[in-house]
Amino acid sequence: MHTDPNCLFCKIVGGEIPSNKVYEDELCYAFYDIEPQAPVHFLVVPKEHICCAAKITADNSSIVAHCFEVIAKICAELGCESYRVVNNCGDQAGQTVKHLHFHVLSGRDMTWPPG
Ligand code: AMP
Ligand code: ZN
């Protein structure tokens with residue numbers, strides 16, 4: 001599995017940097033965001049280093065389906081009936097960590113369109 005030794009989220013997945021873990025399996029890792037934007041705010045990341053959504057291909061897209069299965073399972077366990085899943089891809093969209101991740105936000109009213 002491809003990982004990047006300089007990547008923050010690869011270091012979190014590997015346990016080199018501590019995190020507040022929500023869930024883990026062989027393919028993905030979920031942990032609470034250090035700067036929560038909602039009463040519930042966690043991130044789901046593939047263990048494999050994929051830098052962003054623009055690099056999802058037929059070869060690795062099954063991990064994305066798996067992440068969404070995991071999101072549904074975690075939200076059910078946390079009692080989050082309504083939630084928003086966000087992926088920022090690229091600098092202009094606000095991606096600051098270049099390792100594919102899905103934000104899961106819940107517990108407050110959300111506005112649309114996003115800013
Ligand atoms: P993005 O801006 O979409 O790339 O999201 C990166 C997210 O990672 C932000 O919401 C940060 O608050 C979060 N973050 C950065 N460092 C950490 C960390 N050490 N532990 C947990 N979340 C982090
Ligand atoms: Zn990484």
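I started at proline 113, which lies in the segment after strand E5 (102–106); strands here are DSSP runs of E with at least two residues, helices are runs of H or I with at least four, and both are numbered from the N terminus. A cis peptide bond joins tryptophan 112 to proline 113, with omega at about 5 degrees.

Bookkeeping: this is a predicted model, where local features need pLDDT of at least 70, side-chain atom pairs count only at pLDDT 80 or more, and totals for chains, interfaces and linings use all residues. Residues are numbered from 1 along each chain as its sequence is written, chains are lettered from A and ligands numbered from 1 in the order in which they are written, and side-chain values use heavy atoms, with hydrogens and water left out.

Next I looked at ligand 1. It has 16 residues around it, the closest being Asp33, Asn88, Gly94, Thr96 and His103; a residue counts if one of its heavy atoms lies within 4 Å. I sorted this shell into eight nonpolar, six polar and two charged residues, with Ala, Val, Leu, Ile, Met, Phe, Trp, Tyr, Cys and Pro as nonpolar, Asp, Glu, Lys and Arg as charged, and the others, Gly among them, as polar.

Threonine 96 uses a backbone N or O atom, at 2.7 Å.

Last, I turned to aromatic pairs (Phe, Tyr and Trp rings, the six-membered one for Trp, with centres within 6.5 Å; planes under 30 degrees apart are stacked, over 60 edge-to-face, the rest tilted). I get four of them. Tyrosine 32 and phenylalanine 42 pair edge-to-face, at 6.3 Å centre to centre and 85 degrees between the planes. Tyrosine 32 is in strand E2 and phenylalanine 42 in strand E3 (residues 40–46), so this pair ties together parts 10 residues apart in sequence.

Conventions: Polar contact = N/O pair within 3.5 Å; in protein donor to acceptor, adjacent residues only side chain to side chain.
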